[in-house]
Structures are given as C-alpha cells and as structure tokens.
Number of protein chains: 2
Amino acid sequence: MHERKHNIAPQDEAHRIGDLLHSAAIHLLRRVRAQDRTMGIGPAQLSALSVLVFLGPRSLKELAEAEQVRPPTMSRIVAGLVRAGLVRRQTTTDKRRLSLEATDKGTKILWKGRQRRVELVARTLQTFSEDEIQEAARVAEFLQKLVARL
Amino acid sequence: MHERKHNIAPQDEAHRIGDLLHSAAIHLLRRVRAQDRTMGIGPAQLSALSVLVFLGPRSLKELAEAEQVRPPTMSRIVAGLVRAGLVRRQTTTDKRRLSLEATDKGTKILWKGRQRRVELVARTLQTFSEDEIQEAARVAEFLQKLVARL
DNA sequence: CATTATTGGTTAGCATAGCTAACTATATTC
DNA sequence: GAATATAGTTAGCTATGCTAACCAATAATG
C-alpha cells in the first residue's frame with residue numbers, strides 16, 4: 001500500500017463533495033422558496049416561465065425536457081400560467097404542437113420574482129469581504145460548469 | 001463619478017452571483033431528484049431523516065425548524081417515516097414533546113439513498129482533473145458557509 | 001392512398017409536500 | 001385553581017410530481 005497520509009481516495013472525496021453540494025443546494029432553495037410564496041406563483045411555474053422568458057418560446061415537450069419533468073406535469077404547470085395570464089398558447093403549422101410564449105405580464109412578473117429570490121442571496125453576499133465576493137463568483141461559475149456536465 | 005472601468009458595482013455583482021447560484025441549485029436538485037424516485041421515499045422525508053441520522057434525535061418543532069417547514073408539514077412528513085418504520089416516536093418527561101429518532105432501518109435506508117443521490121454528482125466530479133476536484137472542495141465549503149449565513 | 005404507427009398534449013387519478021386555521025393535551029404562570 | 005402558553009395533530013386547501021389511458025394530428029408503410 002502506498003502512503004496516503006493526508007490524501008483521501010479521490011472517489012471518497014468526490015462523494016464527500018457531492019454530499020456537501022447536495023445539502024447546500026437543498027438549504028439554499030428552502031430559504032429562497034420562502035420569498036417566492038409572497039407572490040402568488042409557485043416555484044415550478046416560476047422556473048418554467050423563466051425558460052420561456054430567457055430562452056424564448058418552446059413546445060410543451062421541449063419545456064418539459066428543459067425542466068426535467070414529464071409532459072403531464074408540465075401541461076398542468078402551463079395551465080396555471082395561462083390561467084394567470086403569464087403565458088400564451090400559440091398554434092403552429094403542426095397542429096399538434098403548441099408554441100408557448102411568455103406574455104408581457106409574465107415577463108414583468110418573472111423579473112420581479114427573480115429579483116426577490118436572488119435578493120436574499122445577494123444581501124448575504126454583501127456581508128462578505130471583497131475577496132470573498134470574488135471567490136463567490138468563481139464558485140458560481142464552477143457550479144454552472146458542473147451542473148452543465150451533469 | 002469615480003472611474004469604474006473593470007469593476008462592476010458590488011451589489012450588481014452580488015445579484016449576478018445570487019442568480020447563478022440559484023439556478024445551479026435548482027438544476028442540480030432536479031437531476032438528483034430523478035435518482036430519488038427509484039427508492040420509495042420522497043425528498044422531504046429523506047431530508048428530515050438525514051437530520052435525525054446525522055444530528056441525532058430531535059423534537060418535532062426542532063426538526064421543523066431545521067428543515068425550514070411549519071410544524072403541521074413536518075408532522076405529516078414524520079407520520080410517513082413512522083409508517084415506513086424509519087423513525088420512532090419516543091415519549092419524554094414532558095409529555096407534550098416527542099423525541100424523534102431514526103430506527104436502524106431508517107439509518108440504513110438513508111445511507112443507501114444518500115449514496116445514490118450523491119453518486120451522480122460524484123461520477124461527474126470524477127471526470128474532472130485533480131485540480132478541479134480540489135477546486136470543487138473549496139466550492140462546496142464556501143457554499144456551506146454561505147448557506148449557513150443565509 | 002388507405003391503413004397503421006408515432007408523436008404531441010390533455011385528462012384522470014394517485015401520492016407527496018407546502019400552507020393556515022382550529023383542535024387537544026400538557027405545562028407554566030399568576 | 002384558572003388563565004395562558006406550548007407541542008403536536010387534524011382538516012382542508014393548493015401546487016407538483018408520477019403513470020395510465022385517451023384524442024388528435026402527422027408520418028410511415030403496404
């Protein structure tokens with residue numbers, strides 16, 4: 001056996017890190033979710049709406065895939081958004097398909113919601129030092145890279 | 001106005017980072033959640049169970065606070081865990097209060113679930129270089145610190 | 001070109017998880 | 001001992017997840 005004093009086996013380390021990330025993600029979202037409830041739109045609706053606003057119109061299936069949920073689930077989420085006047089169903093040449101797009105109201109609401117959700121994290125970050133904020137930027141970018149590869 | 005060429009205003013930067021973190025957290029959990037469903041225990045139950053396993057017995061109220069949910073919500077989560085034989089309700093000297101503790105079965109299930117959830121992240125991490133894994137470790141620790149201050 | 005298969009979305013029905021309001025039982029306080 | 005406070009539960013609402021079963025429209029195939 002090789003000497004491994006202060007070295008953890010890489011796969012154990014990967015698990016430990018995965019664990020920490022997972023836990024951090026859960027708690028971050030729990031905190032943020034509390035902000036969401038103040039405006040009458042659920043987290044799944046807000047997330048789906050953000051896809052339409054930032055990535056543009058999508059079919060229901062595409063939206064479901066982007067959001068990692070099944071079509072019936074997305075169908076209901078969209079129904080809620082349409083009911084609230086935040087999303088429009090447009091027909092296309094292929095009459096099976098829908099083109100889902102955010103309304104102006106939806107776009108406005110999204111920005112406001114986004115602001116609120118992010119506010120909490122941003123406020124906390126502002127209590128950090130300059131150096132720490134820079135580190136936070138690196139952290140966020142790394143996470144983005146990681147999640148993209150997931 | 002002061003010269004600010006390559007410097008973004010700190011509060012904007014904080015918002016940008018908050019946004020990235022928020023988005024990363026959502027997508028990380030979406031991916032991981034798919035793994036969860038393969039074993040018959042929901043995310044809220046798993047998360048509550050993990051508190052009991054890793055931090056020890058708790059009253060219902062304490063558990064609700066740790067998990068950032070209201071007591072009635074936790075009451076039902078616990079009911080599910082008890083029904084599944086993963087958690088035990090113990091009476092205490094104060095007969096209003098409960099001591100909730102994980103059973104052996106609960107502890108075993110948790111470890112298995114945890115393994116699966118983390119697996120995906122760990123597998124992805126293993127495709128990274130040594131340096132990147134070290135960076136990931138710093139990232140995870142920073143996030144932990146951030147979330148703790150939230 | 002008619003039939004069959006595939007694809008896109010919805011509906012129905014189930015479970016989990018979040019909430020508030022209202023209730024019961026026990027402790028605490030005056 | 002009576003009033004008040006605290007711990008949990010129950011009831012009832014909404015939102016989100018799923019699968020199975022369905023309809024409508026398109027694509028593929030004989």
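B:Leu52 is buried, because 25 other C-beta atoms lie within 10 Å of its own. A residue counts as buried if 20 or more other C-beta atoms lie within 10 Å of its own, as exposed if 12 or fewer do, and as partly exposed in between, with C-beta atoms placed from the backbone. B:Leu52 is part of helix 2 of chain B. Helices (H or I, at least four residues) and strands (E, at least two) are DSSP runs, numbered from the N terminus. Apart from neighbours within four places in sequence, B:Leu52 is in contact with B:Pro57, B:Arg58, B:Val87, B:Leu100, B:Glu101 and B:Ala102. Contact here means that the C-beta atoms of two residues, placed from the backbone, lie within 7 Å. From B:Leu52 to B:Gly106 there are 54 residues in sequence and 9.4 Å in space, C-alpha to C-alpha.

The model is predicted: local features need pLDDT of at least 70, side-chain atom pairs count only at pLDDT 80 or more, and totals for chains, interfaces and linings use all residues. Residues are numbered from 1 along each chain as its sequence is written, while chains are lettered from A and ligands numbered from 1 in the order in which they are written.

B:Lys112 is exposed, because it has 12 other C-beta atoms within 10 Å. This lysine belongs to helix 5 of chain B, residues 104-126. B:Lys112 and B:Gln45 are separated by 67 residues in sequence and by 14 Å in space, C-alpha to C-alpha.

Chain A can be described as a whole. It has six helices and two strands, which follow the pattern α-α-α-α-β-β-α-α along the sequence. Of the 150 residues in chain A, 33% are buried. Among contacts in chain A with a separation of 6 or more, 49% join residues 24 or more positions apart.

Within chain A, helix 3 shows how such burial is arranged. A:Leu63, A:Ala64 and A:Glu67 are buried in this helix. Seen down the axis of helix 3 of chain A, the buried residues fall within an arc of 100°, so they line one face of the helix. The arc is that of the directions from the helix axis to the C-beta atoms. An α-helix has 3.6 residues a turn, so residues three or four places apart point the same way. The buried residues of helix 3 of chain A pack against helix 2, helix 4 and strand 2 (98-102) of chain A.

Helix 2 of chain A, residues 43-55, packs with helix 3 of chain A at an angle of about 115°, with the axes 10 Å apart. Axes are lines fitted to C-alpha atoms, for helices over the stretch in contact, and angles run from 0 to 180 degrees between N-to-C directions. In this packing, A:Ser47, A:Ala48 and A:Val51 of helix 2 meet A:Leu63, A:Ala66 and A:Glu67 of helix 3. The residues of this contact divide into four nonpolar, one polar and one charged. Ala, Val, Leu, Ile, Met, Phe, Trp, Tyr, Cys and Pro count as nonpolar, Asp, Glu, Lys and Arg as charged, and the others, Gly among them, as polar.

After helix 3 of chain A comes A:Gln68, in the loop between helix 3 and helix 4 of chain A. A:Gln68 has a positive phi of about 60° although it is not a glycine. Most residues other than glycine have a negative phi. A:Gln68 counts as partly exposed, because it has 16 C-beta neighbours inside 10 Å. In chain B, B:Gln68 is found in the loop between helix 3 and helix 4, and its phi is positive, near 60°.

The two chains touch each other. The contact takes 44 residues from chain A and 46 residues from chain B. On the side of chain A that touches chain B, helix 1 (10-36), helix 5 (104-126) and helix 6 (130-149) of chain A each supply at least two residues. Helix 1 of chain A gives the largest share of that side, 20 residues.

A residue is near a strand if its C-beta atom, placed from the backbone, lies within 6 Å of it. DNA strand D is surrounded by 24 residues, and the closest are A:Gly42, A:Ala44, B:Ser59, B:Lys61 and B:Pro72. Helix 4 of chain A gives the most to the surface near DNA strand D, with five residues. By class, that surface has ten nonpolar, six polar and eight charged residues.
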